[in-house]
Amino acid sequence: HRVVILDQDGTWLLTINGDITGCHGFQYPNGLVLDPQGNIHVAANTIKVFTPEGTYVRSYGDVEMPYGIVIDEEGYSFVTEWDGDCLSIFCPQGNKIHTTVGNLHRPSGIVLDPKSGSLYVTDVGANTVLKYSV
């Protein structure tokens, strides 16, 4: 399990292997996003953060099979948890500050509309798309 970074022409730039010292490997990397500083956040068995050059920085998130991830302009992470049936929100330092409960079943895709501040989540188990205001 790895993340491969290509340029817009499809030329290989970088491979991030989950077997980096301190990283403890990737288990089913599903989503990734860049934060406002350009760091790469990979939703795997936890959220793992790498510099743009691929150096492992840290992990955060007590999550159950994270699937999708977006980060707003202030650095807050919004993570869909496939096995946790929830949406979790993390502050820029990586601490969980909120989790939705009871209204999701297998959330997966997630998109943040920066203009409206709306968050859209696909809920595979309910065959719906949910809209949240953030």
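The legends below describe close-up views of a predicted model. Local features are reported where pLDDT is at least 70 and side-chain atom pairs only at pLDDT 80 or more, whereas totals for chains, interfaces and linings use all residues. Residues are numbered from 1 along each chain as its sequence is written, and side-chain values use heavy atoms, with hydrogens and water left out.

**View 1. An open antiparallel sheet is formed by four strands in the order β3-β4-β5-β6.** Strands are DSSP runs of E with at least two residues, numbered from the N terminus, and two of them count as paired if DSSP finds at least two bridges between them. β3 (31-34) and β6 (56-60) stand at the edges with a single partner strand each, so one side of each is left without a neighbour in the sheet. From one strand to the next the twist averages 20°, where axes are lines fitted to C-alpha atoms and angles run from 0 to 180 degrees between N-to-C directions.

**View 2. Strand β5 (residues 47-50) is joined to β6 by four bridges, and the two run antiparallel.** Although F50 and N39 are eleven residues apart along the chain, their C-alpha atoms are separated by 5.6 Å.

**View 3. Aromatic side chains form three pairs in this model.** Rings of Phe, Tyr and Trp (its six-membered ring) pair if their centres lie within 6.5 Å, and planes under 30 degrees apart count as stacked, over 60 as edge-to-face and the rest as tilted. The ring centres of F50 and Y56 lie 5.7 Å apart with their planes at 65°, so this pair is edge-to-face, and both residues are buried. Y60 and F90 form another edge-to-face pair, with 5.4 Å from centre to centre and 70° between the planes. This second pair links distant parts of the chain, since Y60 belongs to strand β6 and F90 to strand β9, 30 residues apart. Y60 is buried with a relative accessible area of 6%, and F90 is likewise buried, at 0%.

View 4. Most residues other than glycine have a negative phi.

**View 5. The largest pocket holds about 230 Å³ of space.** A pocket is an open set of points on a 1 Å grid over the protein atoms alone, where a 1.4 Å probe fits and protein lies on both sides within 12 Å along at least five of seven lines; lining residues have an atom within 4 Å of a point. The volume is the space filled by probe spheres set on the points, which are joined across faces, edges and corners. The lining consists of I71, D72, E73, E74, F78, L112, D113, P114, G117 and V134, and these residues divide into five nonpolar, one polar and four charged. In this grouping Ala, Val, Leu, Ile, Met, Phe, Trp, Tyr, Cys and Pro count as nonpolar, Asp, Glu, Lys and Arg as charged, and the others, Gly among them, as polar.

Notes
Buried < 20%, exposed > 50% of the residue type's maximum accessible area, 1.4 Å probe, protein only.
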